[in-house]
Amino acid sequence: MRKHFWLNFFLICVGIVIGSMVADLTAGVSGLSWLSYGLDFGLTSPFVLDMSVFHLTLGISVKITISSVIFVAISLVLGRLIVKK
């Protein structure tokens, strides 16, 4: 399990990036706009800690679209096929 951790992590990141690009590109296309449907969740206003000497701002926002889920699944399946060879 440990030896394929970084490969799986890389494939998940690639799937998220490609899925996000596809979601942005298909948002205006009438037949493919369903690929850009998704949910946004996270902190809308970041947490700010002001200590006068330094300022710490923490926030996170995640957008999950249908195409990113599809491309993560595709990249993981392709990764398993590559590892088996």
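1. Basis of the note. In this predicted model, local features need pLDDT of at least 70 and side-chain atom pairs count only at pLDDT 80 or more, while totals for chains, interfaces and linings use all residues. Residues are numbered from 1 along each chain as its sequence is written, and side-chain values use heavy atoms, with hydrogens and water left out.

2. Helix α1. Helices (H or I, at least four residues) and strands (E, at least two) are taken as DSSP runs numbered from the N terminus, and on that basis α1 covers residues 5-25, 21 residues in all, reaching 30 Å from its first C-alpha to its last, close to the 30 Å expected at 1.5 Å a residue. The expected span is 1.5 Å times one less than the number of residues. Buried in α1 (under 20% relative accessible area, with exposed meaning over 50% and partly exposed in between, for a 1.4 Å probe and protein chains only) are Leu11, Gly15, Gly19 and Ala23. Seen down the axis of α1, these buried residues fall within an arc of 100°, so they line one face of the helix; the arc is that of the directions from the helix axis to the C-beta atoms. The face turned away from the buried side carries the exposed residues Trp6, Phe10, Asp24 and Leu25.

3. Helix α2. The 19 residues of α2 should span 27 Å at 1.5 Å a residue, and its end C-alpha atoms are 28 Å apart, which agrees. Its buried residues are Ser67, Ser68, Val72, Ser75 and Gly79; they cover an arc of only 130° around the axis, which puts them on the same side of α2. Val77, Arg80 and Lys84 are exposed on the other side of α2.

4. How the helices pack. The buried residues of α1 pack against β4 (61-65) and α2 (66-84), and those of α2 pack against α1 and β4, where contact means heavy atoms within 4.5 Å. The two helices pack at an angle of about 145° with their axes 7 Å apart; axes are lines fitted to C-alpha atoms, for helices over the stretch in contact, and angles run from 0 to 180 degrees between N-to-C directions. Among the residues that meet are Leu7, Ile16 and Ser20 in α1, and Phe71, Leu76 and Val83 in α2.

5. Two serines of α2. Ser75 lies in α2 and is buried, with a relative accessible area of 9%. A polar atom of the Ser75 side chain lies 2.9 Å from the backbone oxygen of Leu11. Leaving aside neighbours within four places in sequence, Ser75 is in contact with Leu11, Ile12 and Gly15. Ser67, also in α2, is buried with a relative accessible area of 0%, and with the neighbours within four places in sequence left aside it is in contact with Gly19, Val22, Ala23 and Leu35.

6. Leu35. This residue is found in the loop between α1 and β1 (38-42), and at 11% relative accessibility Leu35 counts as buried. Not counting residues up to four places away in sequence, Leu35 touches Val22, Ala23, Thr26, Thr65, Ile66, Ser67 and Ile70.

7. A backbone point to inspect. Ser52, in the loop between β2 (47-50) and β3 (55-58), has a phi near 70°, a positive value in a residue other than glycine. Most residues other than glycine have a negative phi. At 67% relative accessibility, Ser52 counts as exposed.

Conventions
Polar contact = N/O pair within 3.5 Å; in protein donor to acceptor, adjacent residues only side chain to side chain.
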